[in-house]
Amino acid sequence: MNDKERIESQIAKLAEKYKNSGQDLSSYLDGLLYQRYLTYWDYIHLDTLLSLQVPRTHFPDEEIFIMYHQITELYFKLILHEQKQLVDVVSQEAHFFIEKVNRINSYYKALISSFSIMIKGMEREQFLQYRMALLPASGFQSAQYRMIEVYATPLENLVHHTERDRFSSKNSIEELFEHIYWKKGATDKATGEKTLTLKQFEYRYTPRLIRIAKQLKDTTIYHKYQKLPEEIKHNKTLIAALKKLDINANVNWPLMHMGSAYRYLAKDNKTIDATGGTNWKKFLPPSFQKVVFFPELYSKKELDNWGKQWVDHIFNPEKLEQ
């Protein structure tokens, strides 16, 4: 087929496409004729993207702090992008499930490996000063990260582990959400009352998170896995990918935050509160939270020892600065 025949064939296919949708190909060709060439900077809205960093202080490292958190939120969006496909798909083919979970793990790998920017990439003295201009904002208020959890597993698995035995899927979404684990990490240590950080977050996002949880009832990634044919459920590659996702989300990622917290908030035998007043020493350690997306994939011993790796970081904090 020569060039002329190939172009005629393509035009015929386009004409058929627009005819089937009740549209006129000629009008679309006119639009294509007048349309400007696409540029890289317009496609990704580069100028807008680079204008989104607005520091609250004059400290240079605050801009690093802002950009890293923006990058993190973009990775969270990528994770949610894959999770939504897993939840929405009707296919029960192993390769589709494995591919999506592996993509999620690749995003976590990038996030975890890049966290050295937060641990080593800023001057501690600058951070301790500009952080005061950020009150009461906190990374605790990342709604996308809470959505990732809600997409991954039913709310009964996200209830604080000290209360988990009291709840099941028979409880209402609202009741389960009220006892979700992360709320205990944002209470005032002296009074036990909710911090302003938590109150702000609940006011803004509780209706949205509860709506998502209701939409996902019996259709989370956990449920999708449960409903797979037995031969696929026991696929070793799939199980390994899901367990890796669990470890990445609920052990490795919190441990990186522990490293950052100890780098900036625990030095010279003094502990400094997080910007949102969150009790980070009790909130971040994975062995304290025992959040597991796919508990049936582990033995009792594995669940009992969940996240114990953090002990090495606590008793050897100098490792975090090497």
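Buried means under 20% relative accessible area, exposed means over 50%, and partly exposed lies in between (1.4 Å probe, protein chains only). The model in these views is predicted, so local features need pLDDT of at least 70 and side-chain atom pairs count only at pLDDT 80 or more, while totals for chains, interfaces and linings use all residues. Residues are numbered from 1 along each chain as its sequence is written, and side-chain values use heavy atoms, with hydrogens and water left out.

**View A. Asn248 in helix H14.** Welcome to helix H14 (residues 236-265), where Asn248 is found; helices here are DSSP runs (H or I) of at least four residues, numbered from the N terminus. Asn248 is buried because its relative accessible area is 7%. Its side chain makes a polar contact of 3.2 Å with the side chain of Asn252 (a pair of N or O atoms within 3.5 Å, where one must be able to donate a hydrogen and the other to accept it).

View B. Leu135 and Pro136 are joined by a cis peptide bond, with omega about -5°. Look for Pro136 in the loop between helix H8 (124-130) and helix H9 (143-152).

**View C. His45, with positive phi.** Although not a glycine, His45 has a phi near 55°. His45 sits in the loop between helix H3 (40-43) and helix H4 (46-50), and it counts as exposed because its relative accessibility is 53%.

**View D. Asp218, also with positive phi.** Asp218 is not a glycine either, yet its phi is about 70°. The loop between H11 and helix H12 (221-226) holds Asp218, which is partly exposed at 40% relative accessibility.

Key. Helix = DSSP H or I, 4+ residues; strand = E, 2+ residues; numbered from the N terminus.
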